[in-house]
Amino acid sequence: MQRRVSIQEADFDVGKECRGLAKSSRCGAVTQFVGVMRDYNEGDDIVAMELEHYPGMTERSIESIIDRAAQRWSLLSVTVIHRVGALLPGAQIVFVGVGAMHRQAAFAACEFIMDFLKSEAPFWKKERRADGAERWVDARASDTQALDRWSSDD
Amino acid sequence: MITVLFFAKYREQLGVSCMDVQITSALTVSDLKQQLISDGGADWATVLLAENTLCAVNQTLAKADDLVTDGDEVAFYPPVTGG
């Protein structure tokens, strides 16, 4: 299986990444998820965000999630890109793309990888409000609950 | 000697991102927390004893009774918020 994991400050080109996922002549489906920065969170206008990660462990954590996805579904390619550093509203934050022979595996694996990335991969967001105040974003219980659906049908 | 790392909110609360810590012998994550708190004080107790504080040993998520040995890299961090 072809795989690519990148933690980077630079933006990414969704079209280019999708074409990269369909290189295998057996590939019949490519799914993608792109996370984008909102300008609103928890009732406040947000003007900027800083994303921190744990170099080394973040990559290992994502690799492990991809391994688990590849054990559940027959996948041809997976790409995960996550940006770090300073981001502004509207910016692309994360890309998860999956290539497979059929759409069911590609859709499911894309959601699986994104759900586990949100609750396991060591990234932390700090947002700045319009009034200049900064706060670390709290983890959401709904992100942990999202994992339940992947354990019930094991 | 081990390396201890702190991330995000904890890095800011403790004012340290990375420190070397002497350990006399292998100890559990929970013992290490007690050693850091007795050296550091109340702020450290607030961070390290918080219910949702996560710990990784050598970049793998660890539990309270997992062992830390000489040369290990230990990280403490709050629940993650990527994606």
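How many salt bridges does the rule find across the interface of chain A and chain B? This tour of a predicted model begins with that question. The rule finds two.

**First stop: the salt bridge.** Select Glu12(B) and Lys126(A). Their side chains meet in a salt bridge, with a distance of 2.5 Å from N to O.

**Second stop: the whole interface.** The size of an interface is often given as the accessible area lost when the parts come together. Here chain A and chain B bury about 1800 Å² between them, and 54% of this lies on carbon and sulfur atoms. Highlight Tyr54(A), Trp124(A) and Trp136(A), which supply 36% of the area that chain A buries against chain B, more than any other three residues.

Polar contacts may be displayed now. Between chain A and chain B there are 13 residue pairs in polar contact, with both residues at pLDDT 80 or more.

In soluble globular proteins, nonpolar side chains tend to be buried together. The largest nonpolar core has 36 residues, and those with the most contacts inside it include Ile62(A), Trp73(A), Val98(A) and Phe112(A). Helix 3 of chain A gives the most to this core, with 10 residues. Select Trp73(A): leaving aside its neighbours within four places in sequence, Trp73(A) is in contact with Ala105(A), Ala108(A), Ala109(A), Phe112(A) and Trp150(A). Apart from this core lies another, of 22 residues, among them Leu14(B), Val16(B), Val57(B) and Val74(B).

Most residues other than glycine have a negative phi. Select Ala8(B), which is not a glycine and yet has a positive phi of about 55°. Ala8(B) is found in helix 1 (residues 8–14) of chain B. Is Ala8(B) buried or exposed? Ala8(B) counts as buried because its relative accessibility is 1%, under the limit of 20%.

Finally, select Gln59(B), in the loop between strand 4 (54–57) and strand 5 (60–62) of chain B. The phi of Gln59(B) is also positive, near 65°. Gln59(B) is buried, with a relative accessible area of 17%.

Key. Residues are numbered from 1 along each chain as its sequence is written. Chains are lettered from A and ligands numbered from 1 in the order in which they are written. This is a predicted model: local features need pLDDT of at least 70, side-chain atom pairs count only at pLDDT 80 or more; totals for chains, interfaces and linings use all residues. Side-chain values use heavy atoms; hydrogens and water are left out. Buried area is the accessible area (1.4 Å probe) that two parts lose on being put together, summed over both. A salt bridge is a side-chain nitrogen of Lys or Arg within 4 Å of a carboxyl oxygen of Asp or Glu. A polar contact is a pair of N or O atoms within 3.5 Å; within protein, one must be able to donate a hydrogen and the other to accept it, and residues adjacent in sequence count only if both atoms are side-chain atoms. Helices (H or I, at least four residues) and strands (E, at least two) are DSSP runs, numbered from the N terminus. Buried means under 20% relative accessible area, exposed over 50%, partly exposed in between (1.4 Å probe, protein chains only). A nonpolar core is a set of buried Ala, Val, Leu, Ile, Met, Phe, Trp, Tyr and Cys residues joined through side-chain atoms within 4.5 Å. Contact means heavy atoms within 4.5 Å.
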